[in-house]
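Dear colleague,

Please find below the structure that I am handing over to you, together with its sequence. My notes on what was found in it follow directly after.

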Amino acid sequence: MRTKFTSFILFFIGIYNTPASLAQQAWFRPDTLTRVSVAGVRMLNPWGGGLNASQYLKMHLNNDADEDLVVYDRTNSKITTFVAAPDPLNAGKKTFIHAPYYETLFPQADNWMILADYNGDGLKDLFASTSLGIVVYQQVKTGNAWSWKKMRDVLYTKGFSGNINMQVSGTDIPAITDVDDDGDLDLLTFDFSGTYIELHQNLSVEKFGVRDSLGTQASPVFQRNGDCWGNFHKGNAEDFVVGADCGVVTDPSKREAVPARVLHAGNSILLHDLNGDGTKDLLAGHVSNDHISFLPNSAKGIIANFTGYSNTYPAVDPVTLHIFPAGFYEDVDFDGVKDLLIAPSIPANDANLTDFKSSGWYYHNEGTSDKPVFKLVRKNFLQDQMIEVGENAAPAFFDIDGDGDLDMFIGTGGNPVTGGFKGSLWFLKNNGTAAEPDFSVETQDYLELLSKLSVYNIKPQWADFNGDGVPDLGFAATSTSGLKLEYRYIPNKGTNGGAARLNLAEAVTIALPAELQTGDSPYFYDADGDGDLDLLIGKTQGNIYYYTNTGGSKQYTFKLETDSFAGVGINFAGRFSQVAVTDFDLDGKPDLATVDHTGTIRVFNNADWGKWTERQSALVSVNGKPGDMYFGNYLSLAVADLNGDKKPDLAIGTNAGGVRLLTNILPVSVTGVEPGDPAEVKVFPSPSVEFFKIYSSRNGTFDVFTTGGVRMLQNRRIRANETQQVSTAQWPAGLYLVELKTGNSRVVRKVVVGD
């Protein structure tokens, strides 16, 4: 039985806004409120977007007393921001709530970033990696607002051979901290062999009596002190050699030579007193290590002396990751004591052996910040409160149970499981309504794809693949055996509006064009109106292929029409493009949405299919104004009306394994007959029950589509001044587009089915 819609009076399509006015406003607003639960417990930040290789930092984002949380993910150069707030699920406690607005205030960063107050004004400043070394942004506050002001494109240091830009390998995480307790920030980084730590001492206080100088190329305030620092060096495997003479002195101008090194792969440095003896100890991570290494320091001040090491840290439940654990020290449970956080410091899933669903280890500190006692609480810090499928999430929506609202499906990039690295399909049931969804995670292996198929990077799409008028479940995936891009669809043996009936054993393979490659993203859509699905391909090289299907729904035969559809050609910045088609602005014409490695959403609109001349950008509302929001790289797209307002919304799947929701806020609606129509066309009643009628003042043909592009009727003839009845008894409740073609003209009307 079809669930009835709340009464909604909708007649014929008409747009209040002109294209020019649409270009001056935001199209979408981030949605952080739609509910998701797992095992009966509501998630705090379901649409946080996932996390992979996190770097945990704190600063004040808003104007309350609590520091907030900034998480930088190295795998996609993405910053995610959380504000400290009362826990809505636990009275009297505080937690971190996803606040995407603050993400837009940060500059783009790569590899690593550190928040530290270099000028003593009480505001955290930003140090970040660049190809030249280190870029510095000062935090500037005006009233209640704050922003970043770039102070240096690069920091300089006085080395043994002159003034040079201070280099930090992009694979490393340095320490920017006050080593000698004189008030200014010094810098520690491993050399390019990955063997020795270099000390670049900040002489701002010594030279000028203030801590806020960053120096210049001609007169740097940083100076290399010693051949190494701490009297140790990295050994082979996971060992360290202590007792080396680094030659660090109180007057760093005394040293003149440094030995040459070979290139290295990656190190992380965390410096803090971790045993209560008043000296700054070292937690070191290395790309070849599974464990974090603890090196106790026996000396105070600038001349450190590390006398031993342990790879079993903490002593209880020690850190053990597949590769390169990095440590971070921040209070994340609001007790005023710093806690230990561990995450892999990797740019991608090395050998596909890291489980990115659970890659943030949180140790609660039961001691003090300077004499900690760590207790492992969870291995999925923050990740347990958001949709987190591991990596490369790909969402899709369909009313799988026929109850009148949209359920959610998420294809996964894959996770290390028994038998190798495999993907699956998550199913989230909508327990709410079409206007107010409330999702619950029902299974992480819908239809048992994980156990029955050896594939990964699963990208689902619901469409009528076999031409029977009922949407089927299609999905692209990469086979683990041949590393080949494959496409299958599972025929839906259910009826329109009823529960789907799917059997993986009945899956049909669609032979994709031979020139496609792993990493390409197929999207099916009937672009030429001939009743079968054509094919758009977002290419790894950034361009978009468009194929027409010259065969049919029973035998797909693809003809390449263009390798740069809509003018989108090969481009490095926009690589890994992915597309979706719908009518966002309700003008009766399909629009093309794209995401790619630029991390932003863009839309082609306001023209017939393929005739667009420009892409709309700055589409997301940022503090009430249209702007860009960076969602990371390797994104995916899904379109659906998720709040019952008849306008298509967006879901963006992320490389970090999460989903971001965007609500369509265009001030467009449907109203009376458009002036100047070549034919008078009426579609009534709306809402309709069991049937609606079409009247045309001219001869022609008409098609009927869902807003998701599924064709319900094709090339139905209608005579001039005739009223024709269309049965909708087996159609799902929802919004439909009626397209009438008369000669060279085209008129689109909309009708709601279901009362």
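The charged end of Lys-234 is placed over the ring of Phe-240, 5.2 Å from the ring's centre. A charge sits over a ring here if NZ of Lys or CZ of Arg is within 6 Å of the ring centre and within 35 degrees of the ring normal. Lys-539 likewise lies over the face of Tyr-545, with 4.8 Å to the ring centre.

Please note that this is a predicted model, in which local features need pLDDT of at least 70 and side-chain atom pairs count only at pLDDT 80 or more, while totals for chains, interfaces and linings use all residues. Residues are numbered from 1 along each chain as its sequence is written, and side-chain values use heavy atoms, with hydrogens and water left out.

Tyr-545 also belongs to an aromatic cluster, which it forms with Phe-465, Tyr-487, Tyr-489, Phe-524, Tyr-547, Tyr-556 and Phe-558. Across the whole structure, the search finds 46 aromatic pairs (rings of Phe, Tyr and Trp, the last by its six-membered ring, with centres within 6.5 Å; planes under 30 degrees apart count as stacked, over 60 as edge-to-face and the rest as tilted). One of them joins Phe-96 and Phe-334: the centres are 4.8 Å apart and the planes stand at 35 degrees, so this pair is tilted. It links distant parts of the chain, 238 residues apart, with Phe-96 in strand E7 (residues 94-98) and Phe-334 in the loop between strand E23 (325-330) and strand E24 (339-344). Strands (E, at least two residues) are DSSP runs, numbered from the N terminus. Phe-96 is buried at 3% relative accessibility, whereas Phe-334, at 24%, is partly exposed (buried means under 20% relative accessible area, exposed over 50%, partly exposed in between; 1.4 Å probe, protein chains only).

The search of the whole structure finds 1 disulfide (a pair of cysteine sulfur atoms within 2.5 Å). Cys-228 and Cys-246 form it, with their sulfur atoms 1.8 Å apart. The torsion about their S-S bond is about -100 degrees, so the disulfide is left-handed. Cys-228 counts as buried at 3% relative accessibility, and Cys-246 counts as buried at 0%.

As to confidence, the chain averages a pLDDT (the predictor's confidence in each residue, from 0 to 100) of 90, and 93% of the residues score at least 70. Over residues 1-20, however, the pLDDT is below 50. The pLDDT also stays under 50 over residues 255-264.

How values were computed: Helices (H or I, at least four residues) and strands (E, at least two) are DSSP runs, numbered from the N terminus. Contact means heavy atoms within 4.5 Å.
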